[in-house]
Amino acid sequence: MAQEHRSTQRVLDIFELLAFGERSTGYTLTEIATELQVPKSSIFPIIHTLAANRYLRYNSDTARYRIGRRAFEIGNTYVKNDIFYSQAISIMQDIVHHCSETCHIGELQGRDVQYLMKVESPEPIGMVSAPGKRLPANCTALGKALLCEHTLAELKTLFSDGFPRLTKHSIVDANVLYQQLLDVRQTAIAREKEENYEFVQCIATPLYKNGKPVLALSVSFPTFRYTEEKGRQFEKLLLEAKMSLEAII
């Protein structure tokens with residue numbers, strides 16, 4: 001029985017590596033084994049079976065594996081049948097309609113934010129992102145919204161090996177970040193300015209369930225398009241959507 005659980009976990013580990021790993025062109029068998037720290041011989045039968053059933057796609061020219069069409073079809077079934085997803089996307093589309101900027105929903109995965117949903121801005125210049133992408137929570141407004149109920153001690157434990165720095169503006173001091181989180185608790189608004197991408201800003205709000213932030217909603221925009229008037233509009237849209245989304249989480 002233990003062996004069956006271990007094999008199942010390896011299937012999940014392979015999916016997560018190929019879905020969320022940094023190599024957008026895919027991974028070779030050797031690279032998968034190295035990343036997961038397992039022998040190639042133990043995962044080759046798994047990968048071969050997944051590829052044969054179209055859950056993975058194999059490129060014979062590069063010898064790399066990527067997520068396959070069958071996995072997409074299964075994920076798409078979730079999207080179509082999940083009530084929260086359909087209602088949340090509708091609310092996000094309404095935000096984008098009113099402000100013409102990109103809208104995201106994300107959740108905390110360890111010390112990272114994982115982007116779950118995105119509605120694109122109609123503007124030609126916007127934030128480069130996609131559902132499934134992960135960024136360090138300390139460098140994003142979504143992350144600050146999700147971390148807002150953490151104590152200083154919890155924050156230091158979560159980032160015990162240091163705070164990632166993505167730009168020169170990234171917050172890498174626990175005390176500075178904690179003071180920002182206290183502000184989020186008071187205002188329900190989190191902010192970041194060029195902390196994960198230069199020339200891009202973001203405003204977010206935490207979405208609570210049972211007294212804890214479980215998701216966060218944001219509006220992202222290029223710095224050159226920001227004005228104080230727009231900032232107030234973004235905050236109003238987020239706080240209005242926050243009430244609607246928390247009612248259906």
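Good morning. The structure before you is a predicted model, and I shall begin with the whole chain. The protein contains 9 helices and 8 strands. Its C-alpha trace spans about 60 × 40 × 35 Å along the principal axes. For 249 residues, a compact globule would have a radius of gyration near 18 Å, and the 20 Å found in this protein agrees with that. Of those 249 residues, 41% count as buried. If we take contacts between residues at least 6 apart in sequence, 57% of them join residues at least 24 apart. As for the surface, the protein exposes about 13,700 Å², and carbon and sulfur atoms supply 52% of that area.

Let me turn to charge. Side chains of opposite charge can pair when their charged atoms come close. How many salt bridges does the structure hold? There are 9 salt bridges, and I shall discuss several of them.

The side chains of E101 and R225 meet in one, with 2.8 Å from N to O. E101 is in the loop between α5 and β3, while R225 is in the loop between β8 and α9, so this pair ties together parts that are 124 residues apart in sequence. Are these two residues buried or exposed? E101 is buried, at 3% relative accessible area, and R225 also counts as buried, at 13%.

A second salt bridge joins D161 to R111, whose closest N and O atoms are 2.7 Å apart. Here D161 lies in the loop between α7 and α8 and R111 in the loop between β3 and β4, so the pair connects parts 50 residues apart in sequence. D161 is exposed, with a relative accessible area of 63%, whereas R111 is partly exposed at 26%.

E120 and K118 form another salt bridge, at 3.1 Å between the closest N and O atoms. K118 is buried, with 16% relative accessible area. K236, in helix α9, is exposed at 52%. Between K236 and K118 there are 19 Å in space, C-alpha to C-alpha, and 118 residues in sequence. Finally, R23, E31 and R64 are linked in a network of salt bridges. E31 belongs to helix α2, where L29, E31, I32 and A33 are buried.

R10, in helix α1, is buried yet has no salt bridge. The nearest side chain of opposite charge, that of D13, is 6.5 Å away, and a salt bridge requires the atoms to be within 4 Å. What does R10 touch, leaving aside residues up to four places away in sequence? R10 touches V38, S42, I43 and I46.

My last topic is the backbone. Most residues other than glycine have a negative phi. Q37, which follows α2, is not a glycine and yet has a positive phi of about 55°. Q37 sits in the loop between α2 and α3 and is exposed, with a relative accessible area of 72%. N210 likewise has a positive phi of about 55° without being a glycine. Where does N210 lie? N210 is in the loop between β7 and β8, and it is exposed, at 75% relative accessible area.

Thank you for your attention.

Terms used:
Residues are numbered from 1 along each chain as its sequence is written. This is a predicted model: local features need pLDDT of at least 70, side-chain atom pairs count only at pLDDT 80 or more; totals for chains, interfaces and linings use all residues. Side-chain values use heavy atoms; hydrogens and water are left out. Helices (H or I, at least four residues) and strands (E, at least two) are DSSP runs, numbered from the N terminus. The radius of gyration is taken over C-alpha atoms; the globule rule is 2.2 Å times the number of residues to the power 0.38. Buried means under 20% relative accessible area, exposed over 50%, partly exposed in between (1.4 Å probe, protein chains only). Contact means heavy atoms within 4.5 Å. Accessible areas come from the Shrake-Rupley method with a 1.4 Å probe; for residues, only the protein chains shown count as cover. Lys and Arg count as positive and Asp and Glu as negative; His and the chain ends are not counted.
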